[in-house]
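Please examine the sequence and the structure shown here before reading the briefing. The notes that follow are arranged by topic.

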Amino acid sequence: KIIGNLFKHQITHLFVDVGDIDQYGSLISDQEITQFINSVKRYEQESSYNFILLPYTEIIVGQYSLTSEFRSNLIKNYRNLINLGFNGAFLDIEKIPFDQREIYISFIEKLKQNLPKNSIIAVYAGGLNNNKDNEWEWDKNLYEEVSKKADLIIVPAYDTEIKDAKLYLVHISDQINQIMKINPYLKAKFIL
């Protein structure tokens, strides 16, 4: 029934939480993932509707370290998930330290090179802000660099700590306006 409601509302992209990973970048369990994929496949066959399925797990740098081993294991996980039926990868790596941003950008590139050719690479971004003191947010340069490599960039519109509705709308409008100024010829599409 839930999948039918997604179809009814013409939802195309499903971002699927595939669970926790260990400190080495490996999924802890994939049993529920297989059940979920099978139910989506059955629904797609019955309805002739195809969802775009992108797996993610929340990676908070500080709890995890973007070591070479961690990145390699994460790539293996995404390849295995694609073999199960996912259409690519959704990187939800948050609070990217300034000194690891080049590693992050090269990781997206390596991920793209190591997944099947038509795989979609989506990334979760920080809010657009040129404040050089906040590692949770991204500046225009990071947005541009990532948008050269990723297919989708998911821009947050929550956890702003703005209590006033009008100020919140001004903030979101400003975010959209700044994103619209990012080079329109770059690869990525943005989802707010």
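Predicted model: local features only at pLDDT ≥ 70, side-chain atom pairs only at ≥ 80, totals over all residues.

Residues are numbered from 1 along each chain as its sequence is written, and side-chain values use heavy atoms, with hydrogens and water left out. Five strands form an open parallel sheet, and the largest nonpolar core has 49 residues.

**The sheet**

- The strand order in the open sheet is β3-β4-β5-β6-β7, with parallel pairing; strands (E, at least two residues) and helices (H or I, at least four residues) are DSSP runs numbered from the N terminus.
- Two strands count as paired if DSSP finds at least two bridges between them.
- The edges are taken by β3 (58-60) and β7 (189-191), and each has a single partner strand, so one side of each is left without a neighbour in the sheet.
- On average, and with direction ignored, neighbouring strands of this sheet are turned by 25° against each other; angles run from 0 to 180 degrees between N-to-C directions, and axes are lines fitted to C-alpha atoms, for helices over the stretch in contact.
- Helix α3 packs on the sheet, where it touches β3 and β4 (88-94), and the direction of α3 makes about 145° with that of β4; contact means heavy atoms within 4.5 Å.
- β3 and β4 run parallel and are joined by three bridges, and I59 has I93 in β4 as its bridge partner.
- The parallel pairing of β4 with β5 has four bridges, and L91 stands opposite V123 in β5.
- Strand β6 (residues 152-154) pairs with β7 in the parallel sense over three bridges; the bridge partner of I153 in β7 is F190.

**Buried strands**

- In β4, seven of the seven residues are buried, where buried means under 20% relative accessible area, exposed over 50%, and partly exposed in between (1.4 Å probe, protein chains only).
- G88, F90, D92 and E94 point one way from β4, whereas A89, L91 and I93 point the other way.
- β5 is largely enclosed by the rest of the structure, because five of its five residues are buried.
- One side of β5 carries I120, A122 and Y124 and the other I121 and V123, and both faces are covered.
- I153 is found in strand β6, and this residue is buried, with a relative accessible area of 0%.
- Leaving out residues up to four places away in sequence, I153 touches V123, A125, Y143, V146, S147, A188, K189, F190 and I191.
- I153 and L128 are 25 residues apart in sequence, and their C-alpha atoms are 12 Å apart in space.

**The helix pair α3 and α4**

- Helix α3 (residues 68-84) packs with helix α4 (residues 101-114) at an angle of about 35°, and their axes are 10 Å apart.
- The crossing of α3 past α4 is right-handed, meaning that the near helix is turned clockwise from the far one by less than a right angle.
- R71, S72, L74, I75, Y78 and R79 of α3 meet I103, F107, K110, L111 and N114 of α4 in this contact.

**Nonpolar cores**

- Of the 49 residues in the largest nonpolar core, V123 and V146 touch the most other members; such a core is a set of buried Ala, Val, Leu, Ile, Met, Phe, Trp, Tyr and Cys residues joined through side-chain atoms within 4.5 Å.
- At least two residues of this core come from each of β1 (13-17), α2, α3, β4, α4, β5 (120-124) and α5 (140-147).
- The largest share of the core, six residues, is supplied by α3.
- With residues up to four places away in sequence not counted, V146 touches Y104, I105, I108, V123, W138 and I153.
- Another core of seven residues lies apart from the largest one, and includes L54, A122, Y124 and I154.

**Two loop residues with positive phi**

- S48, a residue other than glycine, has a positive phi near 60°.
- S48 is placed in the loop between α2 (31-47) and β2 (52-56), and counts as exposed at 68% relative accessibility.
- K95, in the loop between β4 and α4, has a positive phi near 55°.
- The relative accessible area of K95 is 24%, so this residue is partly exposed.
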